[in-house]
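Notebook open, structure loaded. I want to jot down what I look up as I go.

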Amino acid sequence: MGDISKVLRDNNFRFNKQFGQNFITDSNLLQAMVADAGVSEDDTVLEIGAGAGTLTRAIAEKAGKVYAFEIDRNLIPVLSETLKGLDDKVEVIFKDVMKVSDEELDGIIGKGSYKVVANLPYYITTPIIMRFLERENKPRSLSVMVQKEVAERLTSKADCGDYGVITLSIALEGKAKITREVPRYMFTPQPNVDSAVVRIDLDDTYAGVDKKAVKKLIKSAFSMRRKTLVNNLSSAMGIPKDKTESALSKLGMDTRIRGEALTVDDYVALNDALGTV
Ligand code: SAM
């Protein structure tokens with residue numbers, strides 16, 4: 001771990017498993033993650049979980065400004081060493097990002113455009129991603145390290161095993177892809193699973209759509225995996241079976257179709273069709 005491990009040792013730092021502390025120190029990987037995220041000098045970047053500041057520093061080398069949240073105050077002395085000389089570019093906020101309100105967050109990072117780049121603490125991966133996809137002041141993109149299984153779920157295609165509500169909720173907001181697979185031995189301490197970096201580029205493909213209604217439809221469609229879409233919408237939302245059947249027929253879809261076979265476009269179209277049949 002080179003210099004970083006010395007800094008951690010000198011400061012008597014103890015890794016806290018509860019905070020999902022698995023640090024990255026390999027400079028090639030850190031630079032590649034920043035390149036994958038498409039960070040450039042005009043960018044304001046929000047990092048969640050600064051850790052020992054290795055990724056923070058790599059981002060700061062390319063970005064205009066970095067705001068990094070960190071929950072663990074034991075990292076204060078570590079970060080003051082590892083981020084030395086970057087005071088004008090980096091601001092570390094020692095707070096639980098999940099307890100920071102949207103207003104407070106905007107007060108810190110401003111209302112302008114920003115990107116999220118992070119090696120996320122695994123225990124709050126999905127809540128963090130969904131928060132940034134659904135909040136009013138959305139980032140332009142999120143480039144986040146997550147467990148490989150989660151990465152596959154976030155980027156899955158219709159009719160694949162791990163396709164589900166989260167995949168479709170992301171697809172409503174932008175395009176997600178895996179930019180890099182990262183084996184477990186790249187982390188300190190080494191976790192029990194491999195990871196991957198997912199990049200989500202937000203767009204306004206569905207800007208005019210009632211996303212709340214479409215998401216309700218999606219959640220209901222997946223409420224019982226083995227049931228058909230018609231049965232799920234009937235039991236979860238009380239939509240009469242013949243109404244869903246008419247809507248599906250109108251869209252040229254099989255009335256025995258299951259929720260996992262529909263793309264996000266299909267759900268948007270189905271939501272419209274249900275309003276007219
Ligand atoms: N960015 C560093 C790296 O890549 O080596 C650290 C990544 S580590 C997977 C996740 C970091 O997030 C840890 O330093 C942890 O203390 C911090 N963290 C965990 N929960 C947090 C929260 N709710 N708010 C802010 N930081 C958090």
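I started with the domains: the assignment gives domain 1 (4-202) and domain 2 (211-274), with bounds that come from an automatic or database domain assignment. This is a predicted model, so local features need pLDDT of at least 70 and side-chain atom pairs count only at pLDDT 80 or more, while totals for chains, interfaces and linings use all residues. Residues are numbered from 1 along each chain as its sequence is written, and side-chain values use heavy atoms, with hydrogens and water left out.

Domain 1 puts 12 residues into the contact and domain 2 puts in 14 residues; contact means heavy atoms within 4.5 Å. The buried area between them comes to about 1,100 Å², and carbon and sulfur atoms give 66% of that. Buried area here is the accessible area (1.4 Å probe) that two parts lose on being put together, summed over both.

I noted seven strands in an open sheet, order 4-3-2-5-6-9-7, with mixed pairing. Strands (E, at least two residues) and helices (H or I, at least four) are DSSP runs numbered from the N terminus, and two strands pair if DSSP finds at least two bridges between them. At the edges I see strand 4 (90-93) and strand 7 (174-182), each pairing on one side only. The twist averages 20° from one strand to the next.

I followed strand 7 to strand 9 (residues 195-202): they run antiparallel and eight bridges join them. As one example, Ala 176 has Ile 200 in strand 9 as its bridge partner.

Last, I picked Arg 135, which sits in the loop between helix 6 (125-134) and strand 6 (141-147). Is Arg 135 buried or exposed? Its relative accessible area is 4%, so I wrote down buried (under 20%; exposed is over 50%, partly exposed in between, 1.4 Å probe, protein chains only). Its side chain makes a polar contact with the side chain of Asp 102 at 3.2 Å. That term means a pair of N or O atoms within 3.5 Å; within protein, one must be able to donate a hydrogen and the other to accept it, and residues adjacent in sequence count only if both atoms are side-chain atoms. Leaving aside neighbours within four places in sequence, Arg 135 also touches Leu 105, Asp 106 and Tyr 114, among others.

Key:
Axes are lines fitted to C-alpha atoms, for helices over the stretch in contact, and angles run from 0 to 180 degrees between N-to-C directions.
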